[in-house]
Amino acid sequence: MRFDVIVVGAGPAGSTTARECAERGLSVLLLDKAEFPRDKPCGGGITVRALRLLPFSIESVVERVITDVYLTHKQGSGFSRRSDDHLVSMTQRRNFDMLLLEKALEAGVTLKERATVRHVSRDATSVDISTDDETFTASVLVAADGANGKTAQMSGIEQNFWQQIALEGNITPLGGMPEEWQTCFGLDVGSVPGGYGWVFPKGDHLNVGIGGWRYVGPGLRNSLNNLAKFHGFESENMWGLRGHYLTIRKPDSPLVDGNVALVGDAAGLVDPMSDEGIYSSIWSGQTAARNIADYIGGETADLLNYKREIESELVPELNISLRFHDLFQLNPGLYMWAEKHTSLVWALARRILRGDQTYVNVMLTHKATGNLIDFLSDLVRVTPFLQRRSGLRDPALPQRFFVRGNAQT
Ligand SMILES: Cc1cc2nc3c(=O)[nH]c(=O)nc-3n(C[C@H](O)[C@H](O)[C@H](O)COP(=O)(O)OP(=O)(O)OC[C@H]3O[C@@H](n4cnc5c(N)ncnc54)[C@H](O)[C@@H]3O)c2cc1C
């Protein structure tokens, strides 16, 4: 069977790409190895900036609306930051992904579940994709198969990421949701190199998790138990324990190769500072769909505009986020101090979560601070002592103040 587009993976990136291609009149096949509704290890926190990208409401799958945060440093004493603004909607991925998939099906997408892609072969104009029992052909292939995906590799594309790892579990509190978690999520910083711990309240349970750079993997179970105990929960009562990788793009992480486009985690588009991946998954899916439609409609000769758009709009955001992340990891305690004693950091975090301000905008508006951040993060990237302090084992190359070679990050 021949389609205009085959999308592998029906997570947020794949369903969005498929829906937006179908809405532009393309024939689309969406393949996933799972059967839906399926779950995915994820905090299920959808920021307002991500919600704003979607042309429909996700209210039917939202279990809690978050306005506040409870911050702790190395599981020590903490403080709350409150706001009147809606910051994050808490959902469960099995329900959220099902909703996005239903929207794709309504737009006319053909879905095949329990269809693991095993083989890809392609030439300049056509791609053949084989599952265990069928082969499909399309003009364009979209790899939306997540952090562990192999579609790009099967297409002869070499992926190259920094990897983070996170472990999560759930706690159902006896007697219902405690008052303090009704509209508040918890963040614990400084316990794990490269990441943080979280408590995300859902309808009837709390999702508790912790993550950091890939090398922290072996100690994560212990760290998660400690985090649960710190918040007053018995770790033995935790259910649904699961771990998963997150992909952080490197300067040469591929986005397009001929007639194959990579979106979401398959393209390494997770925000390094917050580990938010759903926003970029939707953004990249929408950008891919627009450019695929132009290519198939004959308006462009290739898919390179997708790469150009992501590199000029989304990648600068992720690069600045990586700089914030490296500096934050150097001294999370200092960040806590600034968060507690100034209103600036909390105001900035709120504006970014809501999409009222971008990282790029922050750097351009506060040029002196932006230059200082660039300088300090370059300094971390060239100084082994600072790298060790901020937990970096494979730092990005410096970009502005200590440039070596063709570093772009
Ligand atoms: C523990 C944890 C917590 C997180 N919390 C948050 C959060 O709160 N908010 C947030 O924004 N982000 C969060 N993230 C990141 C977020 O989960 C990801 O960025 C997001 O899921 C990426 O979406 P995707 O569509 O690219 O990939 P995925 O959601 O991973 O979907 C990929 C799909 O591809 C399918 N697939 C894979 N291989 C094949 C194959 N060979 N054939 C067919 N199908 C295949 C899979 O079955 C899957 O359905 C978290 C990540 C982790 C690990």
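1. Helices (H or I, at least four residues) and strands (E, at least two) are DSSP runs, numbered from the N terminus. The expected span of a helix is 1.5 Å times one less than its number of residues. Helix H11 (residues 367-382) has 16 residues; first to last C-alpha, H11 reaches 23 Å, close to the expected 22 Å.

2. The model is predicted: local features need pLDDT of at least 70, side-chain atom pairs count only at pLDDT 80 or more, and totals for chains, interfaces and linings use all residues. Residues are numbered from 1 along each chain as its sequence is written.

3. Burial counts other C-beta atoms, placed from the backbone, within 10 Å of a residue's own: 20 or more is buried, 12 or fewer exposed, in between partly exposed. In H11, Ser 377, Asp 378, Val 380 and Arg 381 are buried. Seen down the axis of H11, these fall within an arc of 155 degrees (taken from the directions from the helix axis to the C-beta atoms), so they line one face. On the other side, Ala 368 and Leu 372 are exposed.

4. Leu 100 sits in helix H3 (residues 93-106). With 25 C-beta neighbours inside 10 Å, Leu 100 counts as buried. Its C-alpha is 9.5 Å from that of Phe 56, 44 residues apart along the chain.
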